[in-house]
Amino acid sequence: MDVRSQISMVFHLDKCIGCHTCSIACKNIWTDRKGTEYMWWNNVETKPGTGYPTKWEDQEKYKGGWENVKGKLKLRSTGKAKIIFNIFHNPHMPSMNDYYEPWTYKYETLFNAPEGTDQPTALPISMVTGKYMDIEAGPNWDDDLSGSPIYAENDPNLSALTPEQKSQLFAIQRLVFFYFPRICNHCLNPACVASCPSGALYKRGEDGIVLIDQERCRGWRSCVAACPYKKSYYNWSTGKSEKCILCFPRIESGQAPACFHSCVGRIRYLGVLLYDADKIEEVAKKSDTELVEAQRSMILDPFDPEVIQAALENGIHEQVITAAQNSPVYKFVKIWKIALPPHIEFRTLPMLFYVPPLLPVMSSFNGETIKNMGEDFFPDFDKARAPIEFFGKLFAAGNNSKIRYVLKKQMAVRTYRRAVTVGDIEMDLAKKMLLEADCSVEEAEAIYKLTSLCTFNDRFVIPPAHREEAIEMLRDPLEYKQSVGFGFKEEPKRGS
Amino acid sequence: MMQNATLFDYFNLFWFAILPYIALFTFFLITIQRYTRTGYSYSSLSSQFLENKIHFWGLVPFHYGIILILIGHFIGFLIPKQVLIWNSNPLRLYVIEVTAFIGGLFTLIGLVNIFIRRLTDARAKVVTSNIDWIVLSILLFQIVTGLLVAVFNSWGTQWFAASVAPYLWSVLKFNPNIAFVTPLPLTAKLHIIGAYTIILLFPFTRLVHLLVIPNPYLWRKPQLVRWYWNRKKIRTQRSI
């Protein structure tokens, strides 16, 4: 058992209102520089929709992630043999047209325009070329556009649906959508790290954050092609690749990452998971239907004395173990089992988990709402407005039973709380539903509390990083006093 | 030689006995200095992200062509005797000449496409600097002179091994014997001068990317983890 700690995340999709505040917080801090204008380390998509970059989930197009070839894990497009032939031109590399051309407006024209009968307009100009341009796409161009033939109907996840389900999904009375905020998943088996020819990408041992060493990056862009979530980006100006850093300078000083901190719907949770690094390869090779359960089994119980002992022996700090015990992520993923990884069939073992949304499933059925009960007290999920297969494709590699379990439990907790607070539902019925959903009354209360009444400190349990001790072991801070500091020793300027 | 030296001889002396040392000295000094002081600037500086179509027809033929050609030059330089033995059979000489010429054509086609791409695509233009144009121009010059030599002074693999290789060795041994190259036709001389110019400019340009080709990738393990502290040490310190 090789115990390691990982800062992990849960996004509760029922609470996401699609306001993009997270994206803006991230953009303002990290990606407002030249060459990064088009990057959104954090972005929010509407599902069904094509996402950003367009159709990123379609690995027939982008060839990202891993595949299990006769018991061996292989990168789909950027493996060792392929890099020799693809290094001059990778055919699966997304280009700016797959994202969008960033633009601003020429605001002077508002003031300079000659007097006329119409209002002057600020014309859009490209942030790459500086020339006038026609805006054709943006980072959230599919926002709220469920039902649209350009965006929603091209969602790669719809391949799991029957033609009948598809036509129902797009019937105007049944239109449904939810939001899907995305950041780097800081995977346990990151394809970006494994694909980097220069060895510039790495996973931090202490907290599992995946980073790109800017000094060693040579701009081969393998990580961009290899990441199946398309969360590694190429800075066209500096000639280096960049990605979400999980705001590690904030985490190291005990603050939540900017996108977490600014989240209006309070949908984001962050905490430590302890996992067994010996199992990574074995788990990543499991069959699609086993993957969710296999990944869960790698996550270790932070209360188990054996695990604690092994963690201490591995140099994990007591305070990190305490943080793991209080981790909201551990509860959602391992104890309650209501948070699932996105597209785990890409086999990178993402460490960002999603609680699938119940609302688009529930508010359905001929305009009625919750009343439609089946024989087991639950609504018939197979008749739901958003087909369960869609969520199965997105969050469970096609294992729909995992989705059913989550939706049932959420529904049961909701019914139970309604019985407690409103009282228009029999408590007996609510308790039967809880039993049916594999949920005790205590658990229901705990889920309710952490979902609805969660404070800042409930949502973000950040272990102390003790970088002050670490840095003193590597360098003498006084040596840099009144000097350049620990950062860049040269200007991060584009080379020639 | 110096007694009856003409201006022409001094030219030869400069281009073939002095320039090589200026080029090599600059190459090593600046490359090492640039790598140690501003390692950040080492990058492929790819612009495939900005323009993805002509890119294929430029970069792929260019790189495969130039790699083939460079390997050929290097073999001729390294084992000239074996090359001469190989060439003793006319059929084999013919095969090697044709292969080299095709390689040259590939390089030329690729380079022309690169020119077209950088001249016509608005986005690619944004990331094309003046030094990039200088690099592209000198490369074009080099490929054109090389192909001219191949066409008008055929059996180059033969006389390269017999005259240029010994000359290059004499340069490397710090005893340049320009008598090997002075009788060469003008195009061949220009080609040699072009080569020295490229070596001279190399460390100031994007060409440095070929020094950081990622060969260790082929045998490293897939996942990399960096620890920012010695885990065991931190713990023992703590328990004191």
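Mentor: Leaving aside residues up to four places away in sequence, A:Phe353 touches A:Met9, A:Val10, A:Val329, A:Phe332, A:Val333, A:Ala339, A:Leu340 and A:Pro341. The model in which these contacts are found is a predicted one. A:Phe353 belongs to the largest nonpolar core, which has 134 residues; together with A:Val10, A:Val329 and A:Phe332, A:Phe353 touches the most other members. Helix α17 of chain A, residues 400-421, gives this core its largest share, namely 7 residues. There is also a second, separate core of 18 residues, and B:Ile69, B:Ile96, B:Leu111 and B:Ala150 are among its members. As a general background, nonpolar side chains in soluble globular proteins tend to be buried together.

Let us next consider a helix of chain A. Which residues of helix α13 of chain A are buried? In this helix, which covers residues 318-325, they are A:Val320, A:Ile321, A:Ala323 and A:Ala324. Viewed down the axis of α13(A), the buried residues fall within an arc of 160°, and they therefore line one face of the helix. The general rule behind such a pattern is that an α-helix has 3.6 residues a turn, so residues three or four places apart point the same way.

Strand β2 of chain A, residues 43-47, runs antiparallel to β7(A) and is joined to it by 5 bridges. In one of these pairings, A:Arg182 of β7(A) is the bridge partner of A:Asn43.

These parts may now be placed within chain A as a whole. Chain A contains 21 helices and 13 strands. Of its 496 residues, 49% are buried. Its radius of gyration is 24 Å, which agrees with the value near 23 Å that a compact globule of 496 residues would have. Along the principal axes, the C-alpha atoms of chain A fill a box of roughly 75 × 70 × 50 Å. Among contacts in chain A between residues at least 6 apart in sequence, 69% link residues at least 24 apart.

Chain B has its own plan. It comprises 9 helices and 1 strand, arranged along the sequence as α-α-α-α-α-α-α-α-β-α. Chain B has a radius of gyration of 23 Å, well over the 18 Å that the globule rule gives for 240 residues, so it is more spread out than a compact globule. The C-alpha trace of chain B spans about 85 × 45 × 40 Å along its principal axes. Buried residues account for 26% of the 240 residues in chain B. Among contacts in chain B between residues at least 6 apart in sequence, 84% join residues at least 24 apart.

One residue of chain B illustrates separation in sequence. B:Ile22 lies in helix α1 of chain B, residues 7-37. B:Ile22 and B:Ile199 are 177 residues apart in sequence, yet their C-alpha atoms are 9.5 Å apart in space. B:Ile22 counts as partly exposed because it has 13 C-beta neighbours inside 10 Å.

Finally, where do the two chains meet? In their contact, 49 residues of chain B face 40 residues of chain A. On the side of chain B that touches chain A, at least two residues come from each of α2 (54-78), α5 (122-126), β1 (225-226) and α9 (231-239) of chain B. The residues of this side comprise 24 nonpolar, 16 polar and 9 charged. Strand β8 of chain A, residues 201-204, pairs with β1(B) in the parallel sense over 2 bridges, and B:Val225 in β1(B) is the bridge partner of A:Lys203. The open sheet to which they belong has 3 strands in the order β9(A)-β8(A)-β1(B), with mixed pairing. At the edges stand β9 (210-212) of chain A and β1 of chain B; each has a single partner strand, so one side of each is left without a neighbour in the sheet.

Technical notes:
Residues numbered from 1 in each chain as written. Chains lettered and ligands numbered in written order. Predicted model: local features only at pLDDT ≥ 70, side-chain atom pairs only at ≥ 80, totals over all residues. Contact = placed C-beta atoms within 7 Å. Helix = DSSP H or I, 4+ residues; strand = E, 2+ residues; numbered from the N terminus. Nonpolar A, V, L, I, M, F, W, Y, C, P; charged D, E, K, R; others polar. Pairing = 2+ DSSP bridges. Buried ≥ 20, exposed ≤ 12 C-beta atoms within 10 Å, placed from the backbone. Arc of directions from axis to C-beta. Rg over C-alpha atoms; globule rule 2.2 N^0.38 Å. Core = buried A, V, L, I, M, F, W, Y, C linked by C-beta atoms within 7 Å.
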